[in-house]
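Please take a moment with the sequence and the model below before reading on. The paragraphs that follow go from one local detail to the overall fold, and then to the sheet, the helices and the aromatic rings.

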Amino acid sequence: MSSPEDQGRAGTAFVIVTGMSGAGRSTAAKALEDLGWFVIDNLPPGLLFAMAEEAGRVKLAADKVAAVVDVRSLAFTTDLNAAIEELEGRGVRVRVVFLEASDEELVRRFENVRRPHPLQGDGRLVDGIARERGILREVRANADLVIDTSAHNVHELRNKIVAYFGGDNRPGLRVNVVSFGFKYGLPVDADLVVDCRFLPNPHWVPELRPMNGLDSPVRDYVLGQAGAKEFLDAYEEAFKIVATGYAREGKSYATLAVGCTGGKHRSVAMAEQLGGRLRDRGMEVQVSHRDVGRE
């Protein structure tokens, strides 16, 4: 029988997908299955180690294994931490993906499908969501990758999972650079935040206002401002140090959020530039623009 030790030496990728109920765990699981992963849904944390052994024994894509676990176990956090420690103690590298969404979006999703929250009991829907957030606080804090699905439909979430896991044999840190507008709130899955509001706003230039940072006139305007190039140079060098530290600590993914007031002009142009520079350094980078078209 193939043991977890054997799997670890063979380079097994073992991913635990968890997070808020209604945030898209099933969609993430289906996306991983489509990528050729061996996935088990709704697995109690205490059975993770047994799953790893069984996957190796029957050779079901044992080099790429994923388990979807939820919070319905009263000892969820303790059981999950113990399972991860047991797997890593046997040489299996475990990564935890946490799916997040805003309270408002979760309420809307549960109401659309007319289902109660698994933890609400006799209380309200928001009570179940609040209870789940409390239980998952430590898990979220220690997750390798946090994905906020509040503004994503199922296709967009699938694309994000494919971007992160579609080429798992490629080494190095994977970086998601996302532009956003401060007036719409910070991306909750951001590891680092860059503020571009020190640059003049193209919104106040009549001919540039209808455009966004993907349009060359806006891009040229933003990059031509005093301090823009110097900022990009400095941040590129700073992120090189951060990326080296992340790699040393075993972190595989990083989300870099680039913000301006509305997320339409400055942040978009600067996010594209940062993404390009990081790619030139050999990093695997995905650039997205959360708030373009939102105004």
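Does F231 count as buried, partly exposed or exposed, and at what relative accessibility? In this predicted model, F231 has a relative accessibility of 23% and therefore counts as partly exposed, since the buried class ends under 20%. F198 also counts as partly exposed, at 42% relative accessibility.

Before that, the overall picture deserves a look. The protein has 295 residues, of which 48% are buried, and its secondary structure comes to ten helices and nine strands. When contacts between residues at least 6 apart in sequence are considered, 78% of them join residues at least 24 apart. The protein exposes about 14,000 Å², and 51% of this area is supplied by carbon and sulfur atoms.

One part of the fold to follow is an open sheet of four strands, which are arranged in the order β7-β8-β6-β9 with parallel pairing. The strands β7 (192-195) and β9 (284-289) stand at the edges, and because each has a single partner strand, one side of each is left without a neighbour in the sheet. From one strand to the next, the twist averages 20°. Within this sheet, strand β6 (residues 174-181) pairs with β9 in the parallel sense over six bridges, and N176 has Q286 in β9 as its bridge partner.

Helices also pack on these strands. Helix α9, which covers residues 228-248, packs on the sheet and touches β6, β7 and β8, and its direction makes about 175° with that of β7. Helix α7 (residues 154-165) lies across β6, β8 (253-260) and β9, and runs at about 145° to β6.

Another strand pairing involves β4 (residues 93-100) and β5, which pair in the parallel sense over four bridges; here E100 has D148 in β5 as its bridge partner. Along strand β5 (residues 145-148), L145 and I147 point one way while V146 and D148 point the other way, yet all of them are buried.

Just after α5, R114 takes a positive phi of about 55°.

The aromatic side chains complete the tour, with seven aromatic pairs in the structure. In one of them, the rings of F198 and F231 have centres 5.2 Å apart and planes at 50°, so the pair is tilted. This pair links distant parts of the chain, since F198 is in the loop between β7 and α8 (216-223) and F231 is in helix α9, 33 residues apart. Elsewhere, ring pairs link W37, Y164, F165 and Y253 into a cluster. A ring can also have a charged side chain over it, as at F182, where R197 lies over the face at 3.6 Å from the ring centre.

How values were computed. Residues are numbered from 1 along each chain as its sequence is written. This is a predicted model: local features need pLDDT of at least 70, side-chain atom pairs count only at pLDDT 80 or more; totals for chains, interfaces and linings use all residues. Side-chain values use heavy atoms; hydrogens and water are left out. Helices (H or I, at least four residues) and strands (E, at least two) are DSSP runs, numbered from the N terminus. Buried means under 20% relative accessible area, exposed over 50%, partly exposed in between (1.4 Å probe, protein chains only). Contact means heavy atoms within 4.5 Å. Accessible areas come from the Shrake-Rupley method with a 1.4 Å probe; for residues, only the protein chains shown count as cover. Two strands pair if DSSP finds at least two bridges between them. Axes are lines fitted to C-alpha atoms, for helices over the stretch in contact, and angles run from 0 to 180 degrees between N-to-C directions. Rings of Phe, Tyr and Trp (its six-membered ring) pair if their centres lie within 6.5 Å; planes under 30 degrees apart count as stacked, over 60 as edge-to-face and the rest as tilted. A charge sits over a ring if NZ of Lys or CZ of Arg is within 6 Å of the ring centre and within 35 degrees of the ring normal.
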